[in-house]
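Q: I would like to go through this model step by step. Could we begin with the terms and then turn to the details?
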There are 2 protein chains.
Amino acid sequence: MNYQAINFKNKLGLFDEHWSPKVVAEMNDYQFKVVKIQGEFVWHDHADTDETFIVLAGSLRIDFKDGFVNLSEGEMYVVPKGIEHKPYAEHEAKVLLIEPRGVVNTGDEIGGKTAENDVWI
Amino acid sequence: MNYQAINFKNKLGLFDEHWSPKVVAEMNDYQFKVVKIQGEFVWHDHADTDETFIVLAGSLRIDFKDGFVNLSEGEMYVVPKGIEHKPYAEHEAKVLLIEPRGVVNTGDEIGGKTAENDVWI
């Protein structure tokens, strides 16, 4: 058993690229992923699962087809399953994502923003 | 659909008591709970699930039968299912817990520290 805390700043210091989630922990069949985001993502949804965003630094906006939510450091939001959404960050934001193992970041919208989930645990 | 961010500081400002988790969000069948802790909890385990601690402010220690982990703000730890543990905080710490709906904070060790999970969503 590993008695080592997971430090978000340390993990975030290990990479620079945007939209490339790194799995830093698992809880049952869920994964915790740190990610840096900047600019505009693609519209997508996750048909089978909710998706949690916790903002570790900076701020971002999640657009929906009929509105948006602004999120800053110390705030979270759960995007319900099946709801189309598009994250956007004017400046770099650092985010903790929580979702079931195997979720693809772009849902079915496979393309340039689709990333492997590098597993760092 | 609710486009309101969940702000941890705002939620934590709504109560003073220790060891009394407040459910502030749900993701699938999991719950996010903010809790203030100070002093010593009871030894317990959760036979069927891992349990996630994310430190929002302050620091705490989780004791295990053969060791411990120290956690500070911006750090997380996942206690594996079935592992006996006892949280401890010398000074008040503010924590985000993530675990499946219905988990009792003290596991099977029902007693003075057992708390209802007030649902605030």
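A: A residue is called buried if 20 or more other C-beta atoms lie within 10 Å of its own, exposed if 12 or fewer do, and partly exposed in between, with C-beta atoms placed from the backbone. The model is predicted, so to speak of local features a pLDDT of at least 70 is needed, side-chain atom pairs count only at pLDDT 80 or more, and totals for chains, interfaces and linings use all residues. Residues are numbered from 1 along each chain as its sequence is written, while chains are lettered from A and ligands numbered from 1 in the order in which they are written.

Q: Is Asn117(A) buried, exposed or partly exposed, and why?
A: Asn117(A) counts as partly exposed because it has 19 C-beta neighbours inside 10 Å.

Q: Where is Asn117(A) placed, and what is it in contact with?
A: Asn117(A) is in the loop between β8 (85-100) and β9 of chain A. Strands (E, at least two residues) and helices (H or I, at least four) are DSSP runs, numbered from the N terminus. Leaving aside neighbours within four places in sequence, Asn117(A) is in contact with Pro21(A), Val23(A) and Lys33(A). Contact means that the C-beta atoms, placed from the backbone, lie within 7 Å.

Q: What are the bridge partners of Val23(A)?
A: Val23(A) is partnered by Lys33(A) in β3(A) and by Val119(A) in β9(A).

Q: And how do those strands run?
A: Strand β2 (residues 22-27) and strand β3 (residues 30-40) of chain A run antiparallel and are joined by five bridges. β2(A) pairs with strand β9 (residues 118-119) of chain A in the parallel sense, over two bridges. Pairing requires that DSSP finds at least two bridges between the strands.

Q: What lies between β2(A) and β3(A)?
A: Two residues separate them in a hairpin, and Asn28(A) in the turn has a positive phi of about 50°.

Q: Changing topic: what does chain A look like overall?
A: Its secondary structure comes to one helix and nine strands. The radius of gyration of chain A is 14 Å, close to the 14 Å that the globule rule gives for 121 residues, so chain A is as compact as a globular protein of that length. That radius is taken over C-alpha atoms, and the rule is 2.2 Å times the number of residues to the power 0.38. Of the 121 residues of chain A, 38% count as buried.

Q: How are chains A and B related?
A: A rotation of 180° with 0.0 Å of shift along its axis superposes chain A on chain B, with an RMSD of 0.0 Å. That is the relation of a two-fold axis. The superposition is by least squares on the C-alpha atoms of residues with pLDDT of at least 70 in both copies.

Q: How many residues are in contact across the two chains?
A: 30 residues of chain A are in contact with 30 residues of chain B. β6(A) gives the most to the side of chain A that touches chain B, with five residues. As 100% of the interface residues of chain A are also interface residues in chain B, the copies meet through the same surface.

Q: Which strand of chain B does β1(A) pair with?
A: β1(A) pairs with strand β7 (residues 75-79) of chain B in the antiparallel sense, over two bridges. There, Ile6(A) stands opposite Met76(B).
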